[in-house]
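Visitor: I'm new to this structure, so please pick a single part and give me a close look at it, along with whatever lies around that part.

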Amino acid sequence: MGFRKRKELVKQFMLLLLLMVSWYVLSGYSNAFFLGLGAFSTIASFLVYRYLYHDQKPLAFCPKSVYRFPFYLLWLTKEVLLSSWQVAIQVWKPTPAIDPVLDWVEMEIKGDVAITAYANSITLTPGTVAVKVGDGKVLVHALRKETLQDLKSLTMERKVDAAINGKDI
């Protein structure tokens, strides 16, 4: 077996292991029946993934992302909470300072998974929605111009790139 084939098998095994551990942690079940169902469902999900994406590029995996991704999730949670608070304040004001804007934000991030994570992060943050992605940019609807300017500062993009692709911030 060649080095590339072995490397791809290790990546796929790591994905399967990650799916199984995620299922176990999120389910909270530890009896044999539910562990069997969990193993079956994660293996079935993995096989569907392999069937649908067998002709795609090999699954990218960066070792740095293993320890950077949880920190990104913590940062994103903080941003979602702060943004939720800001949107709630604006909505409850008698005269809200909402100035909706729709504009393109340039992206330097590469890779389908990283671009998807970036667009999803934008949409998860209250007050912003990623409307369209393409040609190295994302169309964003924001409730305030300041929010759009924050996105154009590339802070979120750099954090996603570090978490997914392992790039240094």
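Guide: A word on names before we start: a helix here is a DSSP run of H or I with at least four residues, and helices are numbered from the N terminus. Keep in mind that we're looking at a predicted model. Let's go with α3, which spans residues 63-92.

α3 is the top contributor to the lining of the largest cavity, giving five residues. Among the lining residues you'll find S83, Q86, V87, Q90 and V91, along with others such as I98, P126, L143 and T147. By class, this lining has five nonpolar, five polar and one charged residue.

Two or more lining residues come from each of α3, α5 (145-152) and α6 (155-165), with α3 giving the largest share, five residues. Seven residues of this lining are polar, five are nonpolar and four are charged.

Now for the helix packed against α3. The axes of α3 and α4 come within 10 Å and cross at roughly 30°, so α3 counts as roughly parallel to α4. The residues that meet are Y72, L76 and V80 from α3 and A117, S121 and L124 from α4. That contact has five nonpolar residues, one polar and no charged ones.

Follow α4 (residues 112-124) onward and you reach α6: their axes come within 9 Å and cross at roughly 135°. These two helices are therefore oblique to each other, and the crossing is right-handed. On the α4 side, the contact is made by V113, A114, A117, Y118, S121 and I122, while α6 brings M156, E157, V160, I164 and N165. Eight of these contact residues are nonpolar, two are polar and one is charged. Look for A117 and S121 of α4 as you go: they meet α3, and they also take part in the contact with α6.

Note on methods. Residues are numbered from 1 along each chain as its sequence is written. This is a predicted model: local features need pLDDT of at least 70, side-chain atom pairs count only at pLDDT 80 or more; totals for chains, interfaces and linings use all residues. Side-chain values use heavy atoms; hydrogens and water are left out. Ala, Val, Leu, Ile, Met, Phe, Trp, Tyr, Cys and Pro count as nonpolar, Asp, Glu, Lys and Arg as charged, and the others, Gly among them, as polar. Axes are lines fitted to C-alpha atoms, for helices over the stretch in contact, and angles run from 0 to 180 degrees between N-to-C directions. Angles under 35 degrees count as roughly parallel, over 145 as roughly antiparallel, 65 to 115 as roughly perpendicular and the rest as oblique. A crossing is left-handed if the near helix is turned anticlockwise from the far one by less than a right angle, and right-handed if clockwise. Contact means heavy atoms within 4.5 Å. On a 1 Å grid over the protein atoms alone, a cavity is a set of points where a 1.4 Å probe fits but cannot get out, and a pocket is an open set with protein on both sides within 12 Å along at least five of seven lines; lining residues have an atom within 4 Å of a point.
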